[in-house]
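User: I would like to go through this chain by questions and answers. Please keep it brisk.

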Amino acid sequence: MANGTLHSYISLTSTLKHIYIQNTPALKHRYDRGKISLLTYASMFNQIDIVRNVLGRIDRIGDRYTRTKYLKSPIPKPGIISLGLTTGMTALHLAMISADSDIVVLLLNHGVNPLESEATGTDAFMFACMFGRLDNVKR
């Protein structure tokens, strides 16, 4: 990992933990200013405790439509070009690429749709295969 990349990762991870700590009581702000969800960040950076907590709070939402919306939380247009993230990627897409299989299993067990495609038509299983993450497909 290049020095700049490591610094960016550490910075993003500490920012994620800060957002989590601030929002733990009610999780009123489930998105950042760019409309990226806390669940998406936590899945992308392999933060299983945060993923577990957010999913638990989403499970308590009574309205099925709202619950599904928070579970899906796709990356909005135009994506995050600097990170190579396309419009429509979900927490599951990112977990399949970069997280442990435990996070993938958590997301699937909480009802995230594994067949949801992002803007180019690629689903989470395809991303796992493209990035050599067959461990996430096997579980």
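User: What share of the residues of the chain count as buried?

Analyst: This is a predicted model: local features need pLDDT of at least 70, side-chain atom pairs count only at pLDDT 80 or more, and totals for chains, interfaces and linings use all residues. Residues are numbered from 1 along each chain as its sequence is written, and side-chain values use heavy atoms, without hydrogens and water. Buried means under 20% relative accessible area, exposed over 50%, partly exposed in between (1.4 Å probe, protein chains only). Of the 139 residues, the buried share is 40%.

User: How many helices and strands does the chain have?

Analyst: Helices (H or I, at least four residues) and strands (E, at least two) are DSSP runs, numbered from the N terminus. The elements run α-α-α-α-α-α-α-α. The count is eight helices and zero strands.

User: Where is Phe131 placed, and is Phe131 buried or partly exposed?

Analyst: Phe131 lies in the loop between α7 (124-130) and α8 (134-138). Its relative accessible area is 47%, so Phe131 is partly exposed.

User: Which residues line the largest cavity?

Analyst: A cavity is a set of points on a 1 Å grid over the protein atoms alone where a 1.4 Å probe fits but cannot get out; lining residues have an atom within 4 Å of a point. Grid points are joined across faces, edges and corners, and a volume is the space filled by probe spheres set on the points. The largest cavity holds about 30 Å³ of space. Its lining is Arg30, Ser37, Leu38, Leu39, Val54, Ile58, Tyr70 and Ser73.

User: Which elements give two or more residues to that lining?

Analyst: The lining includes Leu38 and Val54. The elements that give two or more residues to the lining of the largest cavity are α2 (38-44) and α3 (48-59).

Note on methods: On a 1 Å grid over the protein atoms alone, a cavity is a set of points where a 1.4 Å probe fits but cannot get out, and a pocket is an open set with protein on both sides within 12 Å along at least five of seven lines; lining residues have an atom within 4 Å of a point.
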